[in-house]
Amino acid sequence: MRDADPSTNEREFLLAALKDGARIDGRKFYDFRTLRLTFGAEYGAVEVQLGNTRVLAKVSCEVIRPYTDKPTEGFLMFNTELSPMASAAFEVGRQTDEEVLVSRLIEKAMRRSRALDTEGLCIVAGEKVWSIRVDIHFLDHDGNLVDAACIAAITALLHFRRPDVTVVGEDVTIHTLEQRNPVPLSIHHIPICTTFAFFNNGERMVVDPTFLEEQVKEGDMTITLNVHKEVCALSKAGGIPMEIDQILQCTKVAVVKVAEITAQIQAALEADAKNQIARK
Amino acid sequence: MASITTEEESKLLIVLPGDQLPESGLMEDSSAAHRLTLGPGLAPMDDDSITAVKAGILKHNAVGNRWWVESNQRRYVAAQGESIIGVVTGKSAEHYKVDIGASQPALLGVLAFEGATKRNKPNHNIGDLLYCRVSMANKDMEAELECMNPTTGKADGFGELKGGFVIKISLGLARRLLDPKNLVLRLLGQHIPFEMAVGTNGKVWVNSANAQHTILICNAIRNSEYLNSAECSAMVKSLVEKM
């Protein structure tokens with residue numbers, strides 16, 4: 001069941017309000033919605049709320065055989081499934097265009113940018129490596145699934161602890177959680193996606209579009225950066241063409257946003273670490 | 001299945017689906033007739049007992065000995081006689097297909113407007129917002145709408161809604177907004193002149209002089225769902241001061 005198109009009144013009002021300098025929910029153009037991070041009891045489970053958009057990420061690991069041509073590299077897999085729970089427009093088993101774009105963006109942002117050190121996942125070269133799997137569940141769709149999913153994925157990876165391993169010669173012992181404290185993954189940098197939507201013939205750019213803004217937009221672009229101002233990915237799939245100085249302007253805004261969000265993620269992780277100690 | 005004892009009428013009684021209501025408690029007030037009127041959320045069972053089928057607050061009106069459950073949900077189920085806001089999604093020779101937020105689109109006859117004849121009928125486009133009345137609804141067929149008062153044949157406020165903005169809210173909040181004594185609307189009306197149409201399908205249309213005011217009103221209405229009166233006044237005051 002496809003989502004109904006918005007009524008003409010909504011479309012015209014949104015565009016007129018943007019021309020006047022206002023967004024429907026009262027935000028300024030470059031404001032993200034309120035970001036809330038909630039950690040689960042287990043390591044590697046985090047729920048991200050970006051306004052009304054909710055995404056849940058869960059990390060799990062297992063030991064498998066590596067590829068023969070890459071004997072020292074572990075695996076990092078992302079599984080994104082958009083279920084009807086998020087929106088009536090999604091159907092189980094059938095991938096919409098949006099779903100494909102979201103999963104490809106997350107793969108590009110996380111895996112190609114080498115955020116997670118896959119070489120560090122090796123236990124015994126050629127025989128045993130860790131395979132890390134990130135399951136991303138979309139609970140509520142109110143626009144900007146990509147940014148929320150990216151924040152959820154990287155925060156879950158930062159939060160996750162894998163079992164400690166001791167290798168003596170050929171003998172591999174995977175310690176249980178009782179024997180040894182689990183070990184965090186080695187994450188090089190924290191890539192954060194920032195999505196921009198374009199309106200008014202390319203003159204107006206807004207950050208973090210809501211569902212209605214996404215339905216009315218003329219084009220969109222997602223920039224993935226980290227705090228060190230390195231561009232991990234830039235995706236502009238179709239939509240209205242933009243000038244180069246507008247793209248650079250978006251990048252400047254994204255740098256500021258990424259710094260804010262990274263600080264918030266790290267503060268949340270530290271608070272949760274204290275809670276974990278207090279609980280034990 | 002839990003059994004409930006209704007102690008006092010003034011206490012808030014929360015029921016869950018499957019809760020049985022005691023026969024004795026319900027017949028106390030009916031001095032005149034031994035008749036009981038069941039509203040939404042209650043259903044008689046085979047063994048003559050009454051069970052709640054929706055989760056919510058049990059309400060009672062001594063006039064006519066009416067009992068019902070005030071529940072809340074977001075998905076609309078069409079019921080006859082209700083006024084709703086719909087979006088035109090399709091046109092055919094005889095009907096408009098209107099999306100009212102139910103599981104099926106509803107049908108609006110092309111001639112179901114005030115003073116419409118075959119020669120002179122209104123022309124609505126896809127995407128238009130219409131304020132209509134549900135003329136027929138049951139679970140087996142698509143609901144049917146009309147844009148006029150059935151007894152008088154006059155428009156009575158039904159028809160196309162031009163301009164403004166429409167937001168989606170829960171059904172419970174929509175019913176509360178229809179109350180003439182609603183606090184949020186009264187407070188907003190003291191500061192900003194606006195016009196509004198409430199659809200019992202959870203859609204509210206707001207129109208005012210400029211876009212900023214409309215956005216403010218929409219956000220105030222959305223926020224007011226879970227606030228009590230004191231918090232409501234504080235919220236409206238803070239929103240108006242920011243203007």
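This is a predicted model: local features need pLDDT of at least 70, side-chain atom pairs count only at pLDDT 80 or more; totals for chains, interfaces and linings use all residues.
Local features need pLDDT of at least 70 and side-chain atom pairs count only at pLDDT 80 or more, while totals for chains, interfaces and linings use all residues. Residues are numbered from 1 along each chain as its sequence is written, chains are lettered from A in the order in which they are written, and side-chain values use heavy atoms, with hydrogens and water left out.

Q: How many residues does the contact take from chain B?
A: Contact here means heavy atoms within 4.5 Å. Chain A puts in 15 residues. From chain B, the number is 19.

Q: What area is buried between chain A and chain B?
A: Buried area is the accessible area (1.4 Å probe) that two parts lose on being put together, summed over both. Carbon and sulfur atoms give 63% of it. On the chain A side, A:Asn9, A:Phe13 and A:Ile24 lose the most, together 44% of what that side buries. The whole interface comes to about 1,200 Å².

Q: How many salt bridges does the rule find across the interface of chain A and chain B?
A: The rule wants a side-chain nitrogen of Lys or Arg within 4 Å of a carboxyl oxygen of Asp or Glu. Across this interface, the count is zero.

Q: Which helix gives the largest share of the side of chain A that touches chain B?
A: Helices are DSSP runs (H or I, at least four residues) and strands are too (E, at least two), numbered from the N terminus. Six residues of that side come from one helix, spanning residues 8-20 of chain A. That's helix H1.

Q: Which residue takes a positive phi in the hairpin of S9(B) and S10(B)?
A: S9(B) and S10 (residues 106-109) of chain B pair in the antiparallel sense over four bridges, and B:Tyr96 has B:Leu108 as its partner in S10(B). The hairpin has six residues between the strands. The one with phi near 85° is B:Gly101.

Note on methods: Two strands pair if DSSP finds at least two bridges between them.
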